[in-house]
Amino acid sequence: MDNKPEQKSSSPVQKASKRSGGWKRFFGKKWVFPGIYMLAAALILALMWWYQDSRMSVDPNETGMSEEQQQDISLGQNDEAVQTSTEAEEMAPPAGSEVDITMNFYDENASQEEKEAALVEYGQSFNPHTGIDFAREDGKSFDVLAALSGTVSSVDTHPLNGQEVRVQHTDGLETVYQSLEEVQVKEGDTVTQGDVIGTAGRSKVEKESGVHLHFEVHQDGEPVNPVNHLPQVE
């Protein structure tokens with residue numbers, strides 16, 4: 001007769017205790033929590049990448065927008081790019097290095113001699129000069145350049161000032177180019193700083209100046225001294 005003692009099976013409580021002890025030993029290891037953190041971070045990054053890719057891959061035709069609406073959005077993005085570019089730009093001279101300033105802006109704070117030199121005689125009257133004039137020493141024509149990036153707001157011909165181009169910029173700033181012989185832009189065009197707007201010509205109101213560019217800077221509709229916006233010009 002076999003007298004070996006019977007082996008008692010573990011109770012449910014003992015089994016649960018052993019499992020609990022195993023989890024404690026597992027979580028007690030130093031690498032467990034850093035590993036869980038890195039895994040969670042990787043999952044979050046993967047979800048973010050997936051979300052961005054899904055937005056970029058949307059077919060414009062599935063958005064329900066008409067072609068006109070899509071074009072409006074595209075134009076708006078282009079306008080924002082031009083505005084951002086303009087805000088980062090510093091105004092540049094509207095002509096190349098071969099020209100000189102031949103008449104300055106009429107400044108009330110200037111000396112009497114400087115103010116007299118900035119008066120334009122036309123007929124039997126003298127009028128304050130509301131811009132600065134550029135001309136070549138040899139009297140030849142030259143390219144007129146966009147001083148800042150912007151949008152051409154108007155192209156006109158005046159009986160006294162000759163052909164004129166106005167370019168609108170951000171924050172109420174506008175540049176005006178007069179006495180032009182040829183104009184190479186039209187209303188609504190977007191110009192980049194340095195683009196050729198036209199060529200210098202003549203005007204009746206400043207006929208004594210010969211071939212020149214009359215350049216103005218307006219702030220909120222009022223002419224201001226362009227030299228204050230052109231640190232390169234002395």
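**Pocket, burial and contacts in a predicted model**

User: Which strand gives the largest share of the lining of the largest pocket?
Analyst: This is a predicted model, in which local features need pLDDT of at least 70 and side-chain atom pairs count only at pLDDT 80 or more, while totals for chains, interfaces and linings use all residues. Residues are numbered from 1 along each chain as its sequence is written, and side-chain values use heavy atoms, with hydrogens and water left out. A pocket is an open set of points on a 1 Å grid over the protein atoms alone, where a 1.4 Å probe fits, with protein on both sides within 12 Å along at least five of seven lines; its lining residues have an atom within 4 Å of a point. Four lining residues, the largest share, come from residues 119–122, which form strand β2.

User: How many residues of each class line the largest pocket?
Analyst: Among the lining residues are Met103, Tyr122, Gly123, Lys204 and Glu208. Ala, Val, Leu, Ile, Met, Phe, Trp, Tyr, Cys and Pro count as nonpolar, Asp, Glu, Lys and Arg as charged, and the others, Gly among them, as polar. By these classes, the lining has five nonpolar, two polar and five charged residues.

User: How many helices and strands does the protein chain have?
Analyst: Both elements are DSSP runs numbered from the N terminus: helices are H or I with at least four residues, and strands are E with at least two. For the protein chain, the count is four helices and 12 strands.

User: Which stretch has pLDDT below 50?
Analyst: The predictor's confidence in each residue, pLDDT, runs from 0 to 100. Its mean over the protein chain is 80, and 68% of the residues reach 70 or more. Where pLDDT is low, the predicted coordinates should not be read in detail. The stretch below 50, with seven contacts in the model beyond near neighbours in sequence, covers residues 81–86.

User: Is serine 179 buried or exposed?
Analyst: Serine 179 belongs to strand β8 (residues 173–183), and its phi near 65° is a positive value in a residue other than glycine. Buried means under 20% relative accessible area, exposed over 50%, and partly exposed in between, using a 1.4 Å probe and protein chains only. Because its relative accessible area is 1%, serine 179 is buried.

User: Is aspartate 220 buried or exposed?
Analyst: Aspartate 220 also has a positive phi, near 55°, in a residue other than glycine. Its place is the loop between β11 (213–219) and β12 (222–224). Because its relative accessibility is 62%, aspartate 220 counts as exposed.

User: Which residues are in contact with glutamine 178, leaving aside its neighbours within four places in sequence?
Analyst: Glutamine 178 lies in strand β8 and is buried, with a relative accessible area of 6%. Contact means heavy atoms within 4.5 Å. Apart from those neighbours, the residues that glutamine 178 touches are Asn161, Gln163, Glu164, His212, Leu213, His214 and Glu216.

User: How many Å apart in space are histidine 169 and threonine 151?
Analyst: Histidine 169 is in the loop between β7 (162–168) and β8, and at 9% relative accessibility it counts as buried. In sequence, histidine 169 and threonine 151 are 18 residues apart. From C-alpha to C-alpha, their separation in space is 6.8 Å.

User: How many Å apart in space are valine 217 and leucine 173?
Analyst: Valine 217 is in strand β11 and is buried, with a relative accessible area of 0%. Leaving aside neighbours within four places in sequence, its contacts include Met91, Leu173, Pro223 and His229. Although valine 217 and leucine 173 are 44 residues apart in sequence, their C-alpha to C-alpha distance is 7.3 Å.
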